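Thank you for making the time this morning. I would like to walk you through one model, taking the strands before the side-chain contacts, so please keep the picture in view while I talk.

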Amino acid sequence: MARKPLKQPISAPHGKCCECKHSYDYHELTNYEPRKPFLCRCPYEKWSQFLDKQCVNGQFQRK
């Protein structure tokens, strides 16, 4: 029998979007006090990203 090819391991993300130097324009405040933003924009993503989401676009640079 033929062996299945080994899958390449997925590289671990480097950090959260809120820690990335490329994130900007924090918006969409929470409904409860203290009202804090929970979304940000990234020049490498098409849509807004959650601040606590792991950076998966490969462009992460710590602030």
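Predicted model: local features only at pLDDT ≥ 70, side-chain atom pairs only at ≥ 80, totals over all residues.

**The sheet and its contacts**

Let me begin with S2 and S3, which run antiparallel and are joined by 2 bridges. Two strands are said to pair if DSSP finds at least two bridges between them.

Residues are numbered from 1 along each chain as its sequence is written, and side-chain values use heavy atoms, with hydrogens and water left out. The pLDDT itself is the predictor's confidence in each residue, on a scale from 0 to 100. For this chain the average pLDDT is 84, and 89% of the residues score at least 70.

Between S1 and S2 the antiparallel pairing extends over 3 bridges. If you follow individual residues across, Tyr 24 stands opposite Arg 41 in S2, and His 27 has Leu 39 in S2 as its bridge partner. Leu 39 in turn has Phe 50 in S3 as its bridge partner, so please keep that phenylalanine in mind for the next part.

Now to the aromatic rings. The rule here is that rings of Phe, Tyr and Trp (for Trp, its six-membered ring) pair if their centres lie within 6.5 Å, and that planes under 30 degrees apart count as stacked, over 60 as edge-to-face and the rest as tilted. By this rule there is 1 aromatic pair. The pair counts as stacked because the rings of Phe 38 and Phe 50 have their planes at 20 degrees, with the centres 6.2 Å apart. Since Phe 38 belongs to strand S2 (residues 37–41) and Phe 50 to strand S3 (residues 49–50), the pair ties together parts that are 12 residues apart in sequence.

Next, the charged side chains, where a salt bridge means a side-chain nitrogen of Lys or Arg within 4 Å of a carboxyl oxygen of Asp or Glu. How many salt bridges does a search of the whole structure find? The search gives 2 salt bridges. One of them joins the side chains of Glu 19 and Arg 62, at 3.2 Å from N to O. Glu 19 lies in the segment before S1 and Arg 62 in the segment after S3, so this contact ties together parts that are 43 residues apart in sequence. Glu 19 is partly exposed, at 30% relative accessible area, whereas Arg 62 is exposed, at 52%.

In another salt bridge, Arg 41 meets Asp 25, with the closest N and O atoms 2.6 Å apart. Arg 41 lies in strand S2 and Asp 25 in strand S1, so here the parts tied together are 16 residues apart in sequence. Arg 41 is partly exposed at 36% relative accessibility, and Asp 25 is partly exposed at 37%.

Finally, some points about the backbone. Asp 25 has a positive phi of about 55 degrees although it is not a glycine. Glu 28, which is also not a glycine, has a positive phi of about 60 degrees; Glu 28 is placed in strand S1 and is partly exposed at 45% relative accessibility. The peptide bond from Glu 33 to Pro 34 is cis, with omega near -10 degrees, and Pro 34 lies in the loop between S1 and S2.

Notes:
Helix = DSSP H or I, 4+ residues; strand = E, 2+ residues; numbered from the N terminus. Buried < 20%, exposed > 50% of the residue type's maximum accessible area, 1.4 Å probe, protein only.
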